[in-house]
Amino acid sequence: MRSISSVFTFLLLSGLIAGLNSCKSDDKKKIAPPAAGTSARPSQVIKVEAFILKPGSVSEKLEVPGTLMPYEATELRPEVSGRVTQLNIREGQQVGKGTLLVKLYDDDLQAQLKKLQVQLNIYEQTASRQAELLKIDGISKQEYDLSVLQVNNIKADMELIRTSIEKTEIRAPFSGRLGLRNVSLGAYVTPATLITNIRQENELKLEFTVPEKYSSRIKAGSMVRFSVEGLDKTIPAKVLATEEAVMEESRSLRIRAVVQGKAPQLIPGAFAKVQLDFGKDNNALMIPTQAVIPQARFKKVIVYRDGTAVFETVTTGVRDSSYVQIIDGLKVGDTIVTTGLLSIKPEAKIAISKLN
């Protein structure tokens, strides 16, 4: 009897324990947390500061790098091969246009020219006598015409020889300063031989590039100013011409200007800082720089509309330390969000805490 009572007691305790566990399981189900991805409470309204867009004035200025160039520059090379018999090059010398710099061997050509000159004298005398005979019908018209033809042929041959002699001379194509010479007296040169360089430095050119969006605002005759290292003042330059098209690789337009003035610091090849002033725009739309969100291909701005954040794509223009110009994408009166940009998502609910 005692053993049966023990068994009954064990079964009773087991049933009570199972019942308690079942109640605990039901309670856990009742207080289970919300499933992942659901919100336990409604989304919060983000408080931000904003800026009302209105027209303002901005001075469009741009600084771009440039390079000073000689007004004219070229390499001097012979037109024909030959031996240098005369060399009139002093390195760094200022020479005038047409100055004889190099003379090549031409004795053979001079001899041919003298021979043709003798032949010309004989044929001219013959033609002169035949002209007198023709007047008294001493010879036929055909014989006289042949003599005149021979005279003209000799003259043409002499012109060819003179042209060949001119090719043995290297003269300064314009007034300028000579560079370093690369040959010596007696050297044999060919058309591939570089004799020296010559540069016209009494007047200089300035070459620079501007971004594509400014290409239509610079015309021939426009004035720009530039500065160089070691010079405290800016120098004016007048735009001479622009390239016929924008360069594809850099999306910029190449421009050349003529320097208006001269100073010892202005030498060809010097680096220049070109200052461009496109005037003042009194209807520019300017927003704080921190309001622009840069992206891979575009720039975005958050606009407050009826308590909602709207992301707008914009095109920017001139900027300074605090503000940037908006060329496209916004209009006067738009309310631009300036704080909390990283925590705002499209169509998020926002409230303005401070309006600038």
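Predicted model: local features only at pLDDT ≥ 70, side-chain atom pairs only at ≥ 80, totals over all residues.

Reader: Thanks! At what angle do H2 and H3 pack?
Author: The angle is about 160°, and the axes of H2 (residues 107–135) and H3 (residues 141–166) are 9 Å apart. Since angles over 145 degrees count as roughly antiparallel, H2 is therefore roughly antiparallel to H3.

Reader: And which hand does the crossing of H2 and H3 have, left or right?
Author: H2 crosses H3 in the left-handed sense.

Reader: How do the residues in that contact divide?
Author: Between H2 and H3 there are 14 nonpolar, nine polar and six charged residues.

Reader: Switching topic: how many residues has the largest nonpolar core?
Author: It has 31, and Leu206, Phe208, Phe226, Leu266 and Leu276 make the most contacts inside it. Strands E2, E9, E10, E11, E12 and E13 each give two or more residues to this core.

Reader: Which of them gives the most?
Author: That's E13, with six residues. Another core, of 15 residues, lies apart from this one and includes Val95, Ile170, Val183 and Ile198.

Reader: OK, strands now. What does E9 pair with?
Author: One partner is E2, antiparallel over ten bridges, and there Met69 stands opposite Lys205 of E9. E12 is joined to E9 by seven bridges, also antiparallel, with Val210 facing Leu253 in E12. E7 (residues 176–178) has two bridges to E9, again running antiparallel, and Arg177 has Arg199 in E9 as its bridge partner.

Reader: Nice. In what order do the strands of the open four-stranded sheet come?
Author: The order is E6-E5-E3-E8, with antiparallel pairing. E6 (169–171) and E8 (188–189) are the edge strands, each pairing on one side only.

Reader: How many bridges join E5 to E6?
Author: Three, and the two strands run antiparallel.

Reader: Last one: where is Pro78, and is it buried or exposed?
Author: Pro78 sits in the loop between E2 and E3 (82–87). Its relative accessible area is 3%, and buried means under 20%, so Pro78 is buried.

Reader: How far is Pro78 from Thr193?
Author: Their C-alpha atoms are separated by 7.2 Å, although the two residues are 115 residues apart along the chain.

Note on methods. Residues numbered from 1 in each chain as written. Heavy atoms only, no water. Axes fitted to C-alpha atoms, helices over the stretch in contact; angles between N-to-C directions. Parallel < 35°, antiparallel > 145°, perpendicular 65-115°, else oblique. Left-handed = near helix turned anticlockwise from the far one by under 90°. Nonpolar A, V, L, I, M, F, W, Y, C, P; charged D, E, K, R; others polar. Core = buried A, V, L, I, M, F, W, Y, C linked by side-chain atoms within 4.5 Å. Buried < 20%, exposed > 50% of the residue type's maximum accessible area, 1.4 Å probe, protein only. Pairing = 2+ DSSP bridges.
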